[in-house]
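Here are some notes for reading the structure shown below. Keep it open while you go through the points.

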Amino acid sequence: MTRLSLPLIRCENVRKRHGHRRILRDVTFSVAAGEVLALLGANGSGKTTLLRIIAGLDRPDRGEVWLGPVPLSGAGPEIRRYVGVVAHAPLLYDRLTGSENLGFYARLYNLEDAGARIEHLLRSLRLWARRDDAVRTYSRGMSQRLAIARALLHDPPVVVFDEPDTGLDRQSLEDVSDLFRQLRGRGRAVFVTTHDTARAFSWADRVCELRNGCLQQNAESKRNG
């Protein structure tokens, strides 16, 4: 069995409507352990809707999503331990410090040895020096890195990113690229949406596109190298 043979994300025939508009039409794909899949698509193409369904934040009208062996249609709230989500909204409390934000989420997950985990993430994401500053004083890039720390705090096997490159400076974009390499090396399954074709091919092992609610399999390509 190869390293990429075990799917940690699997979508089969996923459909979704908003009113009379079909957002997703029979979307089927999988993401293996140690693999990064990038999804391209214009604004309004359904990328965020699909990501929310994978993260368990929304439900398809038809079809099924599995995280590992667990179908989301029958899963309870504990499935959220299986996935980390980096969304457009950072889901941070701007009056709390960086450390306090991660401490709050650590308590929600009942993490053991949370202090060591928080320090590791803050150091690795270049936030340790600002750990005691209120999040409202952070730049866009710093807030995004703290949101990534929040998503990784419980060390989930599946991590999903909704356009993590939006509004980031060059250094923060390099941080995101490094993070994807690290997650791949640790056997995590990564699903990332973006509208930037060059970044998608730089980040991912495979790239595909949503167009008119359909996954364009003929646009799927393997990363070189």
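1. Helices (H or I, at least four residues) and strands (E, at least two) are DSSP runs, numbered from the N terminus. This is a predicted model, in which local features need pLDDT of at least 70, side-chain atom pairs count only at pLDDT 80 or more, and totals for chains, interfaces and linings use all residues. Residues are numbered from 1 along each chain as its sequence is written, and side-chain values use heavy atoms, with hydrogens and water left out.

2. Most residues other than glycine have a negative phi. Asp-155, in the loop between helix H4 (140–152) and E7, has a positive phi near 55°. Glu-163 lies in the loop between E7 and H5, and its phi is also positive, at about 45°. Are these residues buried, partly exposed or exposed? Buried means under 20% relative accessible area, exposed over 50%, and partly exposed in between (1.4 Å probe, protein chains only). Asp-155 has 32% relative accessibility and so counts as partly exposed, while Glu-163, with a relative accessible area of 7%, is buried.

3. Which strands pair with E8? Two strands pair if DSSP finds at least two bridges between them. Strand E3 (residues 35–40) is parallel to E8, with 6 bridges, and strand E7 (residues 158–162) is parallel to E8 as well, with 5 bridges. Val-190 of E8 is a place to look in both pairings: Val-36 stands opposite Val-190, and Val-190 is also the bridge partner of Val-159.

4. Strand E8 (residues 189–194) is largely enclosed by the rest of the structure, because 6 of its 6 residues are buried. Ala-189, Phe-191 and Thr-193 point one way from the strand. Val-190, Val-192 and Thr-194 point the other way. Both groups are buried.

5. E7, helix H5 (residues 170–185) and E8 form a right-handed β-α-β unit. A crossover is right-handed if, with the strands pointing away from the viewer, the path from the first strand over the helix to the second runs clockwise.

6. A separate item is the open sheet of 4 strands, with antiparallel pairing and the order E2-E1-E4-E5. Its edge strands are strand E2 (21–32) and strand E5 (70–71), each of which pairs on one side only. Strand E4 (residues 62–67) is antiparallel to E5 over 2 bridges, and Trp-66 is opposite Pro-71 there.

7. Strand E1 (residues 7–18) and E2 run antiparallel and are joined by 8 bridges. His-18 has Arg-21 in E2 as its bridge partner. How many residues lie between the strands of the hairpin of E1 and E2? There are 2, and Gly-19 takes a positive phi near 65° in this hairpin.

8. Helix H1 has 6 of its 8 residues buried, so H1 is largely enclosed by the rest of the structure. The buried residues are Lys-47, Thr-49, Leu-50, Leu-51, Ile-53 and Ile-54. Just after H1, Gly-56 has a positive phi of about 80°.

9. Arg-206, in strand E9 (residues 206–211), is buried at 14% relative accessibility. A polar atom of the Arg-206 side chain is 2.5 Å from the backbone oxygen of Ser-30. Gln-144, in helix H4, is buried at 2% relative accessibility. The side chain of Gln-144 reaches the backbone oxygen of Pro-164 at 2.9 Å.

10. Finally, the largest pocket. On a 1 Å grid over the protein atoms alone, a pocket is an open set of points where a 1.4 Å probe fits, with protein on both sides within 12 Å along at least five of seven lines; lining residues have an atom within 4 Å of a point. The volume of the largest pocket is about 350 Å³, where volume is the space filled by probe spheres set on the points. Among its 17 lining residues, Leu-57, Arg-80, Val-85, Leu-91 and Arg-150 are the closest to its centre. Helix H1 (47–54), strand E6 (83–86) and H4 each supply at least two lining residues.

Conventions:
Polar contact = N/O pair within 3.5 Å; in protein donor to acceptor, adjacent residues only side chain to side chain.
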